[in-house]
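Let's walk through a protein model together, one question at a time. Take a moment to look it over before reading on.

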Amino acid sequence: MTTATRQIKIGALKVDFPLPDMDLDTNVRELSLHYPMLRGTRVFEEDAVIENGMMTYNVVTPPIKVNG
């Protein structure tokens, strides 16, 4: 059995999981150190789309708030 390579898609940016052997929540937590917009989102295993052996999690980021 082969496992699909996992990545997360933030807008148009696709990023491979930094910890491929760990679970989804651990990877999202690790990626949120470099992509803080992930802190305000929730990603579920059921949200994955598989294409060409690549498992992609699409993330909808919250809108940017601007005072003024």
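The questions below concern this predicted model.

Q: What pattern does the protein chain follow when read along the sequence?
A: Start with the elements: the protein chain has 1 helix and 4 strands. Taken in sequence order, these elements give the pattern β-β-α-β-β.

Q: Which residues of helix 1 are buried?
A: Helix 1 spans residues 24-31. To count as buried, a residue must have under 20% relative accessible area. In helix 1 the buried residues are L24, N27, V28 and L31.

Q: Why do the buried residues of helix 1 lie on the same side?
A: Those residues are L24, N27, V28 and L31. An α-helix has 3.6 residues a turn, so residues three or four places apart point the same way.

Q: Which strands are included in what covers the buried residues of helix 1?
A: Cover here is a matter of contact, with heavy atoms within 4.5 Å. What covers these buried residues includes strand 1 (5-10), strand 2 (13-16) and strand 4 (54-59).

Q: How far apart do the centres of the positive and negative side chains lie?
A: The protein chain carries 7 positive and 9 negative side chains.

Terms used:
Residues numbered from 1 in each chain as written. Predicted model: local features only at pLDDT ≥ 70, side-chain atom pairs only at ≥ 80, totals over all residues. Heavy atoms only, no water. Helix = DSSP H or I, 4+ residues; strand = E, 2+ residues; numbered from the N terminus. Lys, Arg positive; Asp, Glu negative; His and termini not counted. Charge placed at Lys NZ, Arg CZ, Asp CG, Glu CD. Buried < 20%, exposed > 50% of the residue type's maximum accessible area, 1.4 Å probe, protein only.
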